[in-house]
Amino acid sequence: MEVQNIQYEQCEFCNRKFFEGKLKMHLKLCSKEKPMIFIAKGKEEVKKKRSKSMVKPKSLGPKKTNRENSSLDRSYITTAECHICGRKFNPRNLESHIELCQKNQKELMYKKMLIEKQLKQKKISTYHCKQCSYEMEQDHNFCGRCGFKRK
């Protein structure tokens, strides 16, 4: 077995060594402004993060999925419906959803109550448009739906 003297070329920007002829390819990515510096971590080497301008953009096209063409029978999946909002869930997730749904329901009811209370305090009476029967506040001069002017 003969031991050959292998010639290496060194990059002037990052000081890495390459086999003869491979430095040209490396210099396309490595420059004085953005050297490809490696940090040794144990046995593996990790590149330092480069600027985002050097990162190749991902494809902007639609993601291809096989869901539409799949012939999987999903009839075996059991679902349970929430009695509050009507959404369907896996039975094991339904219990935690109902807790959240009840909390949200209470918050919505409280907000509605506050709004109704504020309207009563302002004593805003409503007026129905003679042309389209749209309900609007008494102090409005024009209908919000058809634009009819009150007389």
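Colleague: Between which two strands is the loop in which Ser 133 lies?

Modeller: This is a predicted model, in which local features need pLDDT of at least 70 and side-chain atom pairs count only at pLDDT 80 or more, while totals for chains, interfaces and linings use all residues. Residues are numbered from 1 along each chain as its sequence is written, and side-chain values use heavy atoms, with hydrogens and water left out. Helices (H or I, at least four residues) and strands (E, at least two) are DSSP runs, numbered from the N terminus. On that basis, the loop that holds Ser 133 is the one between strand E7 (126-128) and strand E8 (135-137).

Colleague: Is Ser 133 buried or exposed?

Modeller: Ser 133 has a positive phi near 65° in a residue other than glycine. Buried means under 20% relative accessible area, exposed over 50%, and partly exposed in between, with a 1.4 Å probe and protein chains only. With a relative accessible area of 54%, Ser 133 is exposed.

Colleague: Asn 15 is not a glycine, so to speak of its backbone: what is its phi?

Modeller: Asn 15 is placed in the loop between E1 and E2, and with a relative accessible area of 51% this residue is exposed. Although Asn 15 is not a glycine, its phi is positive, at about 65°.

Colleague: How many residues apart in sequence are the parts that the pair of Tyr 8 and Phe 19 ties together?

Modeller: A search of the whole structure finds one aromatic pair, where rings of Phe, Tyr and Trp (its six-membered ring) pair if their centres lie within 6.5 Å, and planes under 30 degrees apart count as stacked, over 60 as edge-to-face and the rest as tilted. Tyr 8 and Phe 19 form that pair, stacked at 5.6 Å centre to centre with 25° between the planes. Tyr 8 is partly exposed at 49% relative accessible area, as is Phe 19 at 48%. Because Tyr 8 lies in strand E1 (residues 8-10) and Phe 19 in strand E2 (residues 17-19), the parts tied together are separated in sequence by 11 residues.

Colleague: Leaving aside neighbours within four places in sequence, with which residues is His 97 in contact?

Modeller: His 97 is found in helix H2 (residues 91-122) and, at 12% relative accessibility, counts as buried. Contact means heavy atoms within 4.5 Å. Beyond neighbours within four places, the contacts of His 97 are Cys 82, Cys 85, Arg 87 and Phe 89.
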